[in-house]
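Student: Before we apply any labels, could you show me the model and then say which cut-offs the labels rest on?

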Amino acid sequence: MSSSVVQLTDGAVAIAGRPILRGIDLTVRSGEFVALMGANGSGKSTLVRALTGLRPLASGSLSLFGTPLDRFHDWRRIGFVPQRGGAASGVPASVWEIVASGRLTHRRLLRPLSHRDRAAISEALEVVGLSHRAREGVSTLSGGQQQRVLIARALAGDPDLFFLDEPTAGVDLPNQQVLADTLATLSERGSTIVLVAHELGPMAPLIDRAVVMRDGRVAYDGPPLTSHEVYEPDHGHHHAAPERHDHAPHVASPLDLHQEHDR
């Protein structure tokens, strides 16, 4: 059995004193493609932010690549693709410049791009099918193309683990298919992928496992489900009991995931 890259035990998150997540047990193993699903407000995005250290745990324990979160510092192993709010965030920038920002965790401050950096940026653009748009302004791209730029930015950092927060939201079907093809390439390369999605669409054939959230808890963890099964409260499936591991409990502090600051 492959090794665990994410291990959350009895995790809880509260915002302004209000419980958002409770009693979350989740294991993601190396090379898995996991879909994190559920209705709006079920806690999907909050869970992803907790798993990346962007939202502190109120209780429970989290380990990444076998290291407790409070001792984990190798953030370049993690790629985070946030919900699209405009890839350029209102700043005039080219596609190349946005993708190049994904190499910041590999470079010393103010050092120019190395040959290796440039090769990684070029490959990331090729994987998402935007090499021919590299010098164009991000603001000139469609919503789906901007989402692909954000994936390329994460990919340029050469991470082992990808978190994608609803990358197909507001994206037309042709661009959804391109996104699916991109993620298929990453999966074939052995990347571990956690995808937050309301509906899977073209991503469905890629999924190894579905985790369904409901009211801040894991309601189901097992083989992929149809959309009807995900959103029907009495779908008849049971939450598979995850493996339990002994971890020293801690309260995680907010950690800086470098890619998030490039938004």
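Tutor: A residue is buried under 20% relative accessible area, exposed over 50%, and partly exposed in between, with a 1.4 Å probe and protein chains only. This is a predicted model, in which local features need pLDDT of at least 70 and side-chain atom pairs count only at pLDDT 80 or more, whereas totals for chains, interfaces and linings use all residues. Residues are numbered from 1 along each chain as its sequence is written, and side-chain values use heavy atoms, with hydrogens and water left out.

Student: Why is A204 called partly exposed?

Tutor: A204 has a relative accessible area of 37%, and because the term covers values between 20% and 50%, A204 is partly exposed. A204 is found in the loop between β8 and β9 (209-214), and its C-alpha is 8.8 Å from that of A180, although the two are 24 residues apart in sequence.

Student: Why is T192 called buried, and what is T192 in contact with?

Tutor: T192 has a relative accessible area of 2%, so it falls under the 20% limit and counts as buried. T192 lies in strand β8 (residues 192-196). With contact meaning heavy atoms within 4.5 Å, and leaving aside neighbours within four places in sequence, the residues in contact with T192 include V5, V28, D160, L161 and F162.

Student: What makes a stretch of the chain a helix or a strand here, and how many of each does the protein have?

Tutor: Helices are DSSP runs of H or I with at least four residues, strands are DSSP runs of E with at least two, and both are numbered from the N terminus. By that rule the protein has six helices and 10 strands.

Student: What makes β2 and β5 the edges of their sheet?

Tutor: The open sheet of four strands has the order β2-β1-β4-β5, with antiparallel pairing. β2 and β5 (67-68) each have a single partner strand, so one side of each is left without a neighbour in the sheet.

Student: Which strands are the edges of the sheet of six strands?

Tutor: That open sheet has the order β6-β7-β8-β3-β9-β10, with mixed pairing. Its edge strands are β6 (78-81) and β10 (217-222), each of which pairs on one side only. β6 and β7 (residues 161-165) pair in the parallel sense over four bridges, and F163 in β7 is the bridge partner of F80.

Student: What makes α1 a mostly covered helix, and which strands does α1 touch or lie across?

Tutor: In α1 (residues 44-51), six of the eight residues are buried, namely K44, T46, L47, V48, A50 and L51. α1 packs on the sheet of six strands, touching β3 (33-37), β6, β7, β8 and β9, and its direction makes about 135 degrees with that of β3. α1 also lies across β1, β2 and β4, running at about 65 degrees to β2. These angles run from 0 to 180 degrees between N-to-C directions, with axes as lines fitted to C-alpha atoms, for helices over the stretch in contact. Just after α1, G53 takes a positive phi of about 80 degrees.

Student: Which helix gives the most to the lining of the largest pocket, and which residues are closest to the centre of that pocket?

Tutor: The largest pocket holds about 410 Å³ of space, and of its 20 lining residues the closest to the centre are R103, A120, L155, A156 and D158. α3 gives the most to the lining, with six residues, and α3 (115-127) and α4 (143-156) each supply at least two. α4 also lies across β6 and β7, running at about 165 degrees to β6. A pocket is an open set of points on a 1 Å grid over the protein atoms alone, where a 1.4 Å probe fits and protein lies on both sides within 12 Å along at least five of seven lines, and a lining residue has an atom within 4 Å of a point.

Terms used. Points joined across faces, edges and corners; volume = space filled by probe spheres on them. Pairing = 2+ DSSP bridges.
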